[in-house]
Amino acid sequence: MAEEQLLAGTGAVVVGGGSGIGLAVAETLAAHGAGVVVNSRSAAAVDRAADEIRRAGGRALPLAGSAADEIVAERLVETCADAYGAIDILVNCAAVPEPLRSSILDVRHEDWRALLDSHLTTVFNTCRAAAPRMAARGSGSIVNTGSFAYLGDYGGSGYPAGKGAVTSLTLAIAADLKEHGVRANVVCPGAKTRLSTGVDYEAHIRDLHRRGLLDEATMRASLDAPPPEYAAALYLYLASAAARAVSGEIFIAAGGFVGRFERPVATPLGYRDHDGQPPWTIADLARMAGR
């Protein structure tokens with residue numbers, strides 16, 4: 001399969017496509033034949049992105065607004081279907097940063113809600129709008145953006161919670177839509193964007209290392225992230241028919257490194273037959289579960 005024809009004749013929506021990883025993904029999908037609806041909350045950003053794609057010979061339409069609003073999410077899907085015949089690909093890249101040094105000790109409720117809206121609600125709304133159309137056609141690819149932050153190593157509260165919820169939601173969508181021929185995967189990217197540059201960001205990463213949350217290698221990788229184009233290639237692969245058998249996976253795309261988070265598997269610590277044995281004692285649990 002020639003790479004330039006990977007997405008010929010398809011329609012795609014890229015949420016968060018006005019800058020950073022989302023822009024790189026939108027440009028990459030368009031370069032490989034997809035007609036793209038580019039979304040961002042900033043009208044200037046999506047207009048600029050769509051113009052750049054069209055100047056490069058691709059097809060693109062701008063549509064500004066927050067997809068955390070279900071009306072905007074529906075419009076994105078409808079616009080794609082009307083302009084390009086169908087929505088074949090949905091990519092969610094929208095993100096907002098956690099307030100600097102935010103933690104469960106002091107995070108404000110309004111910041112928590114804004115972070116969950118930007119990450120989780122946006123993904124839910126767009127998937128809810130696109131999934132029925134994809135299922136009816138028996139095909140489609142959803143690629144949602146997660147983050148290493150869901151492991152908790154980068155601190156914060158709303159950002160890791162939102163990204164962790166996106167990952168769980170995507171796995172549930174993949175299972176739910178498997179019988180309909182629709183795929184859903186997660187990419188946890190590492191790239192230099194507005195969220196990962198600047199004096200404050202660098203100070204935050206160094207502070208996490210000082211506190212023992214990040215090891216030396218992770219700190220250095222976080223401070224020297226690659227351009228977004230390195231992550232965009234994995235989104236292209238997952239959007240295309242080349243990944244027709246890939247669904248329900250969590251991938252890593254960080255510069256020259258591509259990886260996968262394997263599905264967690266429970267490690268047995270003990271067994272007790274509830275029909276003939278009493279509940280565990282504290283001493284039993286301490287012996288089994290203690291470190």
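**Entry 1: a pair in α2**

I started with R54, which forms a salt bridge with D51; their closest N and O atoms are 2.7 Å apart. I kept in mind that I was looking at a predicted model. Both residues belong to helix α2 (residues 43–55), and because they are three residues apart there, about one helical turn separates them.

How many salt bridges does a search of the whole structure find? I got seven, and I looked up some of them.

The side chains of D88 and R137 meet in one, with 2.8 Å from N to O. This pair links distant parts of the chain: D88 lies in the loop between α3 (70–84) and β4, R137 lies in helix α4, and they are 49 residues apart. Is D88 buried or exposed? Its relative accessibility is 12%, and the cut-off for buried is under 20%, so D88 counts as buried. R137, at 47%, counts as partly exposed.

I then turned to E249 and R260, whose side chains meet in a salt bridge at 3.1 Å, N to O. Here the partners are 11 residues apart, with E249 in the loop between α8 (229–239) and β7 (250–254) and R260 in strand β8 (residues 257–261). E249 is partly exposed with a relative accessible area of 23%, and R260 is partly exposed with 42%.

I also noted a network of salt bridges that links R108, E110 and D111.

Which strands does β5 pair with? Strand β4 (residues 89–92) runs parallel to β5 and is joined to it by four bridges; I picked out L90, whose bridge partner in β5 is I142. Strand β6 (residues 182–190) also pairs with β5 in the parallel sense, over six bridges. There I noted that V143 has N185 of β6 as its bridge partner.

Last, I followed the chain between β4 and β5. With helix α4 (residues 109–137), these two strands make a right-handed β-α-β unit.

Terms used
Residues numbered from 1 in each chain as written. Predicted model: local features only at pLDDT ≥ 70, side-chain atom pairs only at ≥ 80, totals over all residues. Heavy atoms only, no water. Pairing = 2+ DSSP bridges. Right-handed = clockwise from strand over helix to strand, strands pointing away. Salt bridge = Lys/Arg side-chain N within 4 Å of Asp/Glu carboxyl O. Buried < 20%, exposed > 50% of the residue type's maximum accessible area, 1.4 Å probe, protein only.
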